[in-house]
Structure formats: C-alpha cells, structure tokens
Amino acid sequence: MFLKRFVLGPIETNCYLVADETIRDAVIIDPDIRTRQEKEEVTGEIGRQKLSLKRVINTHHHSDHIGGNRMLKETYGAGILIHELDAPVAREPWKWWQKTMRADPMHPCPGCGHQENYLNVFEEEGKAVLGCKACGFSIEILSSPPADRLLCHGDVINVGRMEFRVIHTPGHTPGGMCLYVKEEKAIFTGDTLLNLSVGRTDTIDGSHEDILKSARSLMELPDETIVYPGHGDQTTIGREKRENPYVR
Ligand SMILES: [Zn+2]
Ligand SMILES: [Zn+2]
Ligand SMILES: [Zn+2]
C-alpha cells in the first residue's frame, strides 16, 4: 500500500492519499484543499507517483474534511463517496451552519471571543463565508458536489486489489464512518477515534454517547492495526485500548 499524509487547511486536517502500489489506483480520504499551494502539494504527488485518482472518500460531512472535493472531481473526474446520512450536509453545508447559529447565536468567535458572527451564503458558487464582525476572522465553507456513491455500514470500496470496508461510527456526526483495510492492518478513523482521544460532540448533530459506543467497537480490531486519524499523529488499536481514557 502506498500512503502519503498531507496536513491541510486552517485546522490541520489529515488528508490521506492511498494507492495500490502495483496497479496505481488511488483514493483520497478527507481532502481540505483550499490554497494554490495545497493544491500543488497534492496534485504534484499524484503526478510524481503516476497515480490514477478515481475516488474521494469523506469520513464525515465537516467542512475541514470535504473542502477539496470539488477541485478533485473537476481535475481528475474522481467520484465522491460519503455515508448516506452525511451526504446532504456536505452538499449544502450552510444549512448545517444556519441551524448551528440558530441553536447557539451567542457562540463566541474562536479568534477574539466576541459574539458577532455572520454567515454569508453564495449558493451558486457552492460556498459560504463564516466570519466575525469584531475581529475580521473569516473562514470559507466549501460545499461538495453531489455524491457519486452513498455508503453505509458494511460496504466495500475496491482500490486496486485493496478492500476498504465501511464501519459506520456515528457520534461525531450521524454519518461518521471509518475505513478498515484488513489486509494492510490499517484503519482510517476520521474524527471518531483520535490519538488517545475521540472527536468533539458538542455540535448540533453530535452525540457523546454514540461516539463512545463507536470508538469502543473499534477496539475489537487486532491490536497491531494502525490507526490513521483525521487530526494528529497515527496510533494503533493496541495503544488506544491501553491508554485512551474514552475507550478503556
Ligand atoms: Zn470533524
Ligand atoms: Zn476534523
Ligand atoms: Zn472575532
């Protein structure tokens, strides 16, 4: 298995380029590609390795995991794959943000702590801008093109001779999922299981109870399985079993 990790976007999201070493069939998991430099970093590697990028898989709907979907679809014709429960949010992420702001209009700005958030939606351009009037902080929310394949628990995605199995792990989002590649002893866990932690659940569609159940279910995998999370460094199921306070 060829694997290259990129750390991309404003909140340092792990984007994984994975390929069959012989057949050169490739998949990208969780691209948050926004700047020209980020685009060159990823497309340059695909070119150097002579890979054929056929699919993009999103572990969940959050903006920092889907920002590069449109670019990769337009550049390579890659199909977009996402869990059926998260697909509608990825398509129109501003609706999720509108609900979030209605539910908690006093949410303080991460930059300055003031409560002067705004959300400008540019639907035809497939994006929205979330910002703060007080300090000028702003972030682009990029929508995904429609999914080419909706995933659910147990589905298998073939990448060359490799099989990526979908394990539905709700909690961080309702359609959050992990991708298990048994033959390679690898699992891509998105923001469900992080290095000695789990993803946040203080969002409108998060559930702490569900994420604990989901993360604990992953502990049934073999100890030597390498965990590639959505943020931070890789770990193993064995180490998480011993040291992660959320699953012990
Ligand atoms: Zn997330
Ligand atoms: Zn994330
Ligand atoms: Zn601010």
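Because the model is predicted, local features need pLDDT of at least 70 and side-chain atom pairs count only at pLDDT 80 or more, while totals for chains, interfaces and linings use all residues. Residues are numbered from 1 along each chain as its sequence is written, and chains are lettered from A and ligands numbered from 1 in the order in which they are written.

**The six-stranded sheet**

Let us start with an open sheet of six strands, in the order S1-S2-S3-S4-S5-S9, with mixed pairing. Helices (H or I, at least four residues) and strands (E, at least two) are DSSP runs, numbered from the N terminus, and two strands pair if DSSP finds at least two bridges between them. Strand S1 (2-8) and strand S9 (149-151) are the edges; each has a single partner strand, so one side of each is left without a neighbour in the sheet. On average, neighbouring strands here are turned by 20° against each other, direction ignored. Axes are lines fitted to C-alpha atoms, for helices over the stretch in contact, and angles run from 0 to 180 degrees between N-to-C directions.

Helix H3 (residues 69-76) lies across S3, S4 and strand S5 (79-83), at about 160° to S4. Contact between two residues requires C-beta atoms, placed from the backbone, within 7 Å.

**Strand pairs to look for**

| Strands | Sense | Bridges | A partner pair |
|---|---|---|---|
| S2 (residues 13-19) and S3 (residues 25-29) | antiparallel | four | Leu17 and Ile28 |
| S12 and S13 | antiparallel | three | Tyr180 and Ile187 |
| S13 and S16 (residues 226-229) | parallel | four | Phe188 and Tyr228 |

**The nonpolar cores**

A residue is buried if 20 or more other C-beta atoms lie within 10 Å of its own, exposed if 12 or fewer, and partly exposed in between, with C-beta atoms placed from the backbone. A nonpolar core is a set of buried Ala, Val, Leu, Ile, Met, Phe, Trp, Tyr and Cys residues joined through C-beta atoms within 7 Å. The largest has 53 residues, and those touching the most other members are Leu17, Val18, Ala26, Ile28, Ile29, Leu179 and Ile187. Apart from it lies another core of five residues, including Trp94 and Leu130.

**Helix H5**

In helix H5 (residues 93-103), the buried residues are Pro93, Trp94 and Trp96. They cover an arc of only 155° around the axis, so they sit on the same side of H5; the arc is that of the directions from the helix axis to the C-beta atoms. The face turned away from this buried side carries the exposed residues Arg102 and Ala103. Among the elements covering the buried residues of H5 are helix H2 (63-66) and strand S7 (127-132).

Finally, look at Val181 in strand S12 (residues 177-181). Val181 counts as buried because 21 C-beta neighbours lie inside 10 Å. Val181 and Phe164 are 17 residues apart in sequence, yet 4.9 Å apart in space, C-alpha to C-alpha.

In the hairpin of S12 and S13, four residues stand between the strands, and Lys185 takes a positive phi near 50°. Five of the five residues of strand S13 (residues 186-190) are buried, so S13 is largely enclosed by the rest of the structure. Both faces are covered, with Ala186, Phe188 and Gly190 on one side and Ile187 and Thr189 on the other.
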